[in-house]
Amino acid sequence: MNAQELRAKTPDELKTELANLKKESFNLRFQQATGQLENTAQIRKARRSAALVKTILNEKAAAAE
């Protein structure tokens, strides 16, 4: 998902997206610890996506004030 698509979402949708990304990140870390993860770049992608969602949530909160 890119930043433009995320900015079009409501804060509630972004919070749901963030929760999903955190679950995905946890599952990827668990797979890596057990040796089942084949593409380690997925961990980085999930972390960066979560950071982008957090950034956009903070932007929306600042704009609301």
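The buried residues of helix α3 are Ile43, Ala46, Ala50, Val53, Ile56 and Leu57. Buried means under 20% relative accessible area, exposed means over 50%, and partly exposed lies in between, with a 1.4 Å probe and protein chains only. This is a predicted model, in which local features need pLDDT of at least 70 and side-chain atom pairs count only at pLDDT 80 or more, while totals for chains, interfaces and linings use all residues. Residues are numbered from 1 along each chain as its sequence is written, and side-chain values use heavy atoms, with hydrogens and water left out.

Start with the whole chain. The protein chain has three helices and zero strands. Its pattern along the sequence reads α-α-α. Helices (H or I, at least four residues) and strands (E, at least two) are DSSP runs, numbered from the N terminus.

Next, the overall dimensions. The C-alpha atoms fill a box of roughly 45 × 15 × 15 Å, taken along the principal axes. The protein chain has a radius of gyration of 14 Å, whereas a compact globule of 65 residues would have one near 11 Å. That radius is taken over C-alpha atoms, and the globule rule is 2.2 Å times the number of residues to the power 0.38. Of the 65 residues, 22% count as buried. The accessible surface comes to about 5,000 Å², and 49% of it belongs to carbon and sulfur atoms. Accessible areas come from the Shrake-Rupley method with a 1.4 Å probe; for residues, only the protein chains shown count as cover.

Now take helix α2, residues 11-34. At 1.5 Å a residue, its 24 residues should span 34 Å; the end C-alpha atoms are 35 Å apart, which agrees. The expected span is 1.5 Å times one less than the number of residues. In α2, the residues Leu14, Leu18, Leu21, Ser25 and Leu28 are buried. They pack against α1 (3-7) and α3 (41-64). After α2 comes glycine 35, with a positive phi near 80°.

Look at leucine 57, in helix α3. Leucine 57 counts as buried because its relative accessibility is 16%. Leaving aside neighbours within four places in sequence, leucine 57 is in contact with Pro11, Leu14, Lys15 and Leu18. Contact means heavy atoms within 4.5 Å. Leucine 57 and lysine 9 are 48 residues apart in sequence, yet 9.9 Å apart in space, C-alpha to C-alpha.

Move along to serine 25, in α2. Serine 25 has 12% relative accessibility, so it counts as buried. Not counting residues up to four places away in sequence, serine 25 touches Ala46 and Arg47. Of this pair, Ala46 is on the list of buried residues in α3. Arginine 47 also belongs to helix α3, but it counts as exposed because its relative accessibility is 54%.

Arginine 47 and lysine 22 are 25 residues apart in sequence and 8.0 Å apart in space, C-alpha to C-alpha. Glutamate 24 is in helix α2. At 39% relative accessibility, glutamate 24 counts as partly exposed.

Step back to the contacts as a whole. Among contacts in the protein chain with a separation of 6 or more, 64% join residues 24 or more positions apart.
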